[in-house]
Structure formats: C-alpha cells, structure tokens
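Here are a few friendly notes to go with the model, written as numbered points. Please read them with the structure open beside you.

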Amino acid sequence: MERRTLGREGLVVSELGLGCMGMSEFYGTGDEDESIATIHRAIELGVTFLDTADMYGPFTNEKLVGKAIEGRRDEVVLATKFGNVRGENGERLGISGAPDYVRKSCDASLQRLGVDHVDLYYQHRVDPDTPIEETWGAMKELVEAGKVRHLGISEAAPETIRKANSVHPVAALQTEYSLFSRDVEDGILPTVRELGIGFVAYSPLGRGFLTGGIRRFEDLAEDDFRRSSPRFQGDNFDKNLQLVDRVNELASEKGITPGQLALAWLLAQGNDIVPIPGTKRRERLEENAGAADVGLTQEDLRRIEEVAPAGAAAGERYNEAGMQSVNI
C-alpha cells in the first residue's frame, strides 16, 4: 500500500483508508469480533488510516476502534470527528461548533479511543449558528495542547474552508466523492487544491451501490439508513442500477470488480485524494485494498467518463434534512 500526504503540514496516510462507521450503525447489524478482525487485517494490508466519529453508534464506534488498536497505536493514523450532537439513546440533537463543546468532545473521544491524541480531528458538520473562526480557534487550542496533531473539516463550502484555513491550516476536507457524487469537482476540489488541502473521499463506493452487490431495495436490512436515501428509492434505484451495470461491464473487461474500478478511478483523480471505503468484513476489505494495484490507462479513464459522467446518478445523496447540513 502506497502513502499519500494530506495538507501542507505533511500528514502521511495510506492511499486507501478504512471507514469504520458501518461496524457500529447505519448499515444493519454489526459483529464486533469480525469488525475488530477487519481492522487488524487492514493494518496487515497497510490500510492504516482509520476513520471514526463520536456520533457513530453513537459513541460505540470509537470504543470499538480503540479496542482494536490497543497496543498498536503507533501502527495507525487515527481520525475522528465532532459536531453531530447525539444523545445516549441515539437521538439527534443538532449540530454544534461551540468552543466548549469542541473541547469536551475531544476529551470524550480520547477517553473512548483509549489514546492520548488523535492524528486528525474533523469538524464533522458546520454549525451555522457559530462563527467558524470560533470553532477553529478552539480546535487550534487542541493542537497546541497536544491532543490533536492535524485538523480537518467535513462537508464545508469553499468560503467556509477558506475561513477555517485562515485560523489554522486545514489538513483535509472530508466530503462524499465517487462516480455517483462528483459535484465537488465544480468548486470544492479546486478550492482545496489551491490551498494545499488534502481531500478524503467518503462513500467512494456510492454507499455500496457501486460494488454491484445491491440489486433490489429489499436487499437492504430494515434498519439500514440507505432505505431513506433518494438514490435507493423508486425510479432512482432502477436508473442507478443501470449505471452500476455499465461500470461493471468495464470492470469485467479488466478482470476486476466494479468496486475496485470505482476506487481505482478515484485514486487516479490525484495524489491528494484518499478514499476511505467502509466495510465491516475482511472479505470486502481485501477486495477494496486490491484497488490500489489496479492501473487505469487514459483510455480506461475516457471510457469510465463516457459511462459515468458527472451528474449521471439519479437522486440526491441525502434526504431533504440531510442535504440541509452539507456544503455550508
């Protein structure tokens, strides 16, 4: 597994990371033993950039990751996030970037993870009621205190990114980016490249759609949050399935899976881009890691662009409420 550098301060990470969210919530029932085994296998394969957040579970995903890396802290680059406020019973309580909340959230995350610092600390969502400069002032204090090494932001608009970067260098922007979601190419990606900020692509497999493993809406578990996603509903599902089938045809020609093609395409978009596909099973992890060995020619990229141009996916990536919290 090769390495890539995020931001001008030089945060070095594996070129593919591991999104740990689904091990605890959102994608149906998890299996802690298999999840921990998946993290251990990731480390063996060189996939050492681990991504979690306090709201996953809520709170339980950080504990799981902490348990998995116990005694192996120096082998991983650890990222977590704050900002989506949830209660102990899972209730959603809004978004906060208040300085006191930032400090309390960081201390709580460190305790759950069982570490004395995190390598990358993200503002998970932008709080429209708190000036970004105040939030990032508190985040900067965490760096100065040694609790955090680098800072990131997720789902932020270009002007917000610029304001945050004026307070403290932004190492990485984390936003959805895949063959299904390419809107970042218009303004966000040029902005972070201008500022020397790395781009961490979450949901690089279109929330699993691009793996080709989802053929029917009924394939999703009753508690799978994708059931509320516009892209998985009605006519949108059928149109997106046709797009996946076209990607799969190209992948088959190369002797790889559609998921590997989708990840290899992202890796080919620039050395400043690091996809973090999520999984809770070793088998899928190993498939995803294989994308790092896939070489795409200019002709391959041209044909992918033909079958999956920007805007080809049908439906918004979140429901109406979810879309109100992104690109702020």
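Predicted model: local features only at pLDDT ≥ 70, side-chain atom pairs only at ≥ 80, totals over all residues.

1. Let me start with a pocket. The second largest pocket has 14 lining residues, and F180, S181, R182, D183 and R231 are the ones nearest its centre. Its volume is about 170 Å³. For the terms: on a 1 Å grid over the protein atoms alone, a pocket is an open set of points with protein on both sides within 12 Å along at least five of seven lines, and lining residues have an atom within 4 Å of a point. The volume is the space filled by probe spheres set on the points, which are joined across faces, edges and corners.

2. Residues are numbered from 1 along each chain as its sequence is written, and side-chain values use heavy atoms, with hydrogens and water left out.

3. Now the rings. Six aromatic pairs turn up in a search of the whole structure (ring centres of Phe, Tyr or Trp, the last by its six-membered ring, within 6.5 Å; planes under 30 degrees apart are stacked, over 60 edge-to-face, the rest tilted). One of them joins F180 and F209 edge-to-face, at 5.5 Å centre to centre and 65 degrees between the planes. F180 sits in the loop between strand 10 (170-176) and helix 6 (188-195), and F209 in the loop between strand 11 (198-202) and helix 7 (234-254), so this pair ties together parts 29 residues apart in sequence. Helices (H or I, at least four residues) and strands (E, at least two) are DSSP runs numbered from the N terminus.

4. F209 also pairs with F237, this time tilted, with 5.1 Å between centres and 45 degrees between planes. F237 belongs to helix 7, 28 residues from F209. F209 is buried at 0% relative accessible area, and F237 is buried at 5% (buried means under 20%, with a 1.4 Å probe and protein chains only). Ring pairs link F180, F209, F232 and F237 into a cluster.

Note on methods
Buried < 20%, exposed > 50% of the residue type's maximum accessible area, 1.4 Å probe, protein only. 1 Å grid on protein atoms, 1.4 Å probe; cavity = no way out; pocket = protein on both sides within 12 Å on 5 of 7 lines; lining within 4 Å.
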